[in-house]
Amino acid sequence: MDRFLKERGVDFSKVNYYIKPLTKKKLTELVRKMNVSPRELLRKSEPVYRELGIAQKEFTDTQLIGLMVEHPDLMQRPIVERGDRAVLGLESGGAGVHDL
């Protein structure tokens, strides 16, 4: 993703949310900007997804955001934010970033 943005001359800053965790407020803002539900950001293949029984239990959006903040492995990444928009910028060629 870094190379994709650099090649296009896009100025960006990178946040490693394992080192500097996202807050519930920030993740809620990103979800809103992406126009997706928190459930759509979940990485269902992660062991913690199964351990927490997320597929079998009902969770509110607020609860799912809290779980993603507490367990960052649950969150699809990278998320690319620009102004009032955000997209999931998958590593394969910057898919989604073209929409910003």
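How much accessible surface does the protein chain have, and what share of it belongs to carbon and sulfur atoms? The accessible surface comes to about 6700 Å². Carbon and sulfur atoms hold 50% of it. Accessible areas come from the Shrake-Rupley method with a 1.4 Å probe, and for residues only the protein chains shown count as cover.

The structure is a predicted model: local features need pLDDT of at least 70, side-chain atom pairs count only at pLDDT 80 or more, and totals for chains, interfaces and linings use all residues. Residues are numbered from 1 along each chain as its sequence is written, and side-chain values use heavy atoms, with hydrogens and water left out. The term pLDDT stands for the predictor's confidence in each residue, from 0 to 100. Its average over the protein chain is 86. A score of at least 70 is reached by 88% of the residues.

The protein chain contains four helices and two strands. Both kinds of element are DSSP runs, numbered from the N terminus: helices are H or I with at least four residues, strands are E with at least two. The order from the N terminus is α-α-α-α-β-β. Among these elements, helix α1 (residues 2-7) has the lowest mean pLDDT, at 78. Helix α4 (residues 61-70) has the highest, at 97.

Burial was examined next. Of the 100 residues in the protein chain, 33% are buried. Buried means under 20% relative accessible area, exposed means over 50%, and partly exposed lies in between (1.4 Å probe, protein chains only). Contacts were counted too, a contact being heavy atoms within 4.5 Å. Among contacts with a separation of 6 or more, 51% link residues 24 or more positions apart.

The largest nonpolar core has 19 residues. Such a core is a set of buried Ala, Val, Leu, Ile, Met, Phe, Trp, Tyr and Cys residues joined through side-chain atoms within 4.5 Å. Leu27, Met68 and Leu74 have the most contacts inside the core. Helices α2 (24-34), α3 (47-51) and α4 each supply at least two of its residues. Leu27 touches Leu22, Leu41, Ile65, Met68, Val69 and Met75, with residues up to four places away in sequence left out.

Helix α4 has a run of buried residues: Leu64, Ile65, Gly66, Leu67 and Met68. Helix α2 is part of what covers the buried residues of α4. Thr62 also lies in α4. Thr62 is exposed, because its relative accessible area is 62%. The C-alpha atoms of Thr62 and Lys24 are 8.4 Å apart, although 38 residues separate them along the chain.

The loop between α2 and α3 holds Arg39. Arg39 counts as partly exposed because its relative accessibility is 30%. Its partners beyond four places in sequence are Lys44, Tyr49, Ile54, Lys57, Phe59 and Leu64.

Two backbone features were noted. Most residues other than glycine have a negative phi, and most peptide bonds are trans. Asn35 is not a glycine, yet it has a positive phi of about 60 degrees. Asn35 sits in the loop between α2 and α3. With 71% relative accessibility, Asn35 counts as exposed. A cis peptide bond joins Arg77 and Pro78, with omega about -5 degrees. Pro78 belongs to the loop between α4 and β1.

Strands β1 (residues 79-82) and β2 (residues 85-88) run antiparallel and are joined by four bridges. Strands pair if DSSP finds at least two bridges between them. Val80 stands opposite Val87 in β2. The hairpin of β1 and β2 has two residues between the strands, and Gly83 takes a positive phi near 60 degrees there.

The structure holds one aromatic pair. It is formed by Tyr17 and Tyr18 and is tilted, at 5.8 Å centre to centre and 35 degrees between the planes. Rings of Phe, Tyr and Trp (its six-membered ring) pair if their centres lie within 6.5 Å; planes under 30 degrees apart count as stacked, over 60 as edge-to-face and the rest as tilted. Tyr17 counts as buried because its relative accessibility is 11%. Tyr18, at 43%, counts as partly exposed.
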